[in-house]
Structures are given as structure tokens and as C-alpha cells.
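Visitor: I have a model open here and would like to talk it through with you. Could you take my questions as they come?

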Amino acid sequence: MPNESSEPRRRGAVRTEALLQVTLDLAGEVGYAGLSIEAIARRAEVGKHTVYRRWPTKAALLLDALHRVWAADLDYRDTGDVHADLREQFVRSVAALVRPPIGPVYRAVIAEAQSDPAARATLDERFLRGVERSTLQRITRAQDTGELRADVDLALAAEVLCGSLYYRHLLTDRPVDETAIDGLLDMFMAAYGSRARTRRPGEVCG
């Protein structure tokens, strides 16, 4: 027999997922400037109080919607090769950042965050920290398995890995292509790679 107390939670989770999807769909159609809580509520056929009860601002709703896509489609794989996994995830992430819905919406939220401290805090809490956390988790697992040096704190490395690509994409006209990704990862592995795991076949240890 179903647990009746769990039914409202399940319905709430389904509604939350539906609202996040509607937000992404509508953002892709009208852009950030044309998006509003009222428009999202109309498209989802719910009262706007239903949306506000979950998200106090448009930025919070958009960032949760973007995080949903990121967590579902763009999180790290774990093949046992940290260099390959970082490279594959960065290539996919960059591709997502240059096309709708993630690219234009993310740029718009970044722009709003420059003049709105609340939006900046929401951006950090609901998106950037999540991206850094998933990167840190992946490289920490590589540290545990001996691919990366055991004597270093990788928290700053995770921030640098993520931040370098976002900086180039958002603030410069330089391409975030595979050459840039490979250069970044080469520096990371040179600094943090375990010599025992990165030594080439036939190489003699000096």
C-alpha cells in the first residue's frame, strides 16, 4: 500500500521538475529579459504563488533550472582516467555554454549579478559552487586512487580549473576550444599528477 505521507512530496517533486523545464523552454524562446515569474506560471498552468513559494526571484529559478541540466547532462563521468574525464566534461560544458538555453541565460544572470548582490550570492550558491564541488569530487577520487599527488589540497585547483574556462568564455573574445582545454589540463597534470601514474612506458626514473 502506498505511503500516503509520501504522495504530497512526490507530487511536489514532479511539479518542481515541470516548472524547471518550463523555465528553460521559455527562456530559450523569449530570452532572459522577456522572462518573468508570471509568464512561467502561465505556461505551467499554475498560480504564480506556486512558483514564488519555491523560488523568491527569477534569478534563483533560472539558476536552479540551469543546475538541473548541468547535473543531469554535464556531470563528470568516472572512467578511471582523470585527465580523460576532465577533458570530456570540459568539452561538453563549453559546447553547452555557447548555445541556448544555457549560454544566453547564463550570460544574462552573470550580467545581473554585477549590480545585484542578492543575484550574485544566488549565482555563487546555486550554480558556481555546485560546478566547483563536482570538479573537486572527481579530482579527489583521482587523488584517492593514486592518479594525483596525495600531499596537496585540491580545493583551489578545482576553482582554477573551472574558473579559467568561464573567464575566457565570458570576458574575452578568445576561443574556448580543445587547444585551450588541453593547455589547462596539461598544466594541471604537471602540477598535481602522480609521477608513479603519469610516467611513460619505458621511462627510467631518475
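Visitor: Which residues of the largest nonpolar core touch the most other members?

Guide: V51, L66, Y106, L123, F127 and Y166 touch the most other members of that core, which has 39 residues. A nonpolar core here is a set of buried Ala, Val, Leu, Ile, Met, Phe, Trp, Tyr and Cys residues joined through side-chain atoms within 4.5 Å, where buried means under 20% relative accessible area, exposed over 50% and partly exposed in between, with a 1.4 Å probe and protein chains only. This is a predicted model, in which local features need pLDDT of at least 70 and side-chain atom pairs count only at pLDDT 80 or more, while totals for chains, interfaces and linings use all residues. Residues are numbered from 1 along each chain as its sequence is written, and side-chain values use heavy atoms, with hydrogens and water left out.

Visitor: Which element gives the most to that core?

Guide: α4 does, with nine residues, and the elements giving two or more are α1, α2, α4 (58-73), α5 (82-97), α6 (102-113), α7 and α8 (155-171).

Visitor: And what does L66 touch?

Guide: Leaving aside residues up to four places away in sequence, L66 touches L24, P101, I102, V105, Y106 and F127, contact meaning heavy atoms within 4.5 Å.

Visitor: Stepping back, how many helices and strands are there?

Guide: The protein has 10 helices and zero strands, where helices (H or I, at least four residues) and strands (E, at least two) are DSSP runs numbered from the N terminus. Of its 206 residues, 38% count as buried, and residues 24 or more positions apart account for 61% of the contacts with a separation of 6 or more.

Visitor: Let's look at α7. Where is its kink centred?

Guide: The kink in α7 is centred on D124 and comes to about 40°, the bend at a residue being the angle between axes fitted to the seven residues ending there and the seven starting there. Helix α7 (residues 117-144) has 28 residues and should span 40 Å at 1.5 Å a residue, which agrees with the 38 Å between its end C-alpha atoms; the expected span is 1.5 Å times one less than the number of residues.

Visitor: What happens at the start of α7?

Guide: There, a side-chain oxygen of D116 reaches to within 2.9 Å of the backbone nitrogen of A118. After α7 comes G146, with a positive phi near 95°.

Visitor: Is E45 buried or exposed?

Guide: E45 counts as exposed because its relative accessibility is 74%. E45 is found in the loop between α2 and α3 (48-54), and its phi is positive, near 60°, in a residue other than glycine.

Visitor: How many aromatic pairs are there?

Guide: The count comes to one aromatic pair, namely F188 and Y192, which are tilted at 5.3 Å centre to centre with 40° between the planes. Rings of Phe, Tyr and Trp (its six-membered ring) pair if their centres lie within 6.5 Å, and planes under 30 degrees apart count as stacked, over 60 as edge-to-face and the rest as tilted. F188 and Y192 both lie in helix α9 (residues 178-192), four residues apart, about one turn of the helix.

Visitor: Why does F188 count as buried?

Guide: F188 counts as buried because its relative accessible area is 5%.

Technical notes:
Polar contact = N/O pair within 3.5 Å; in protein donor to acceptor, adjacent residues only side chain to side chain.
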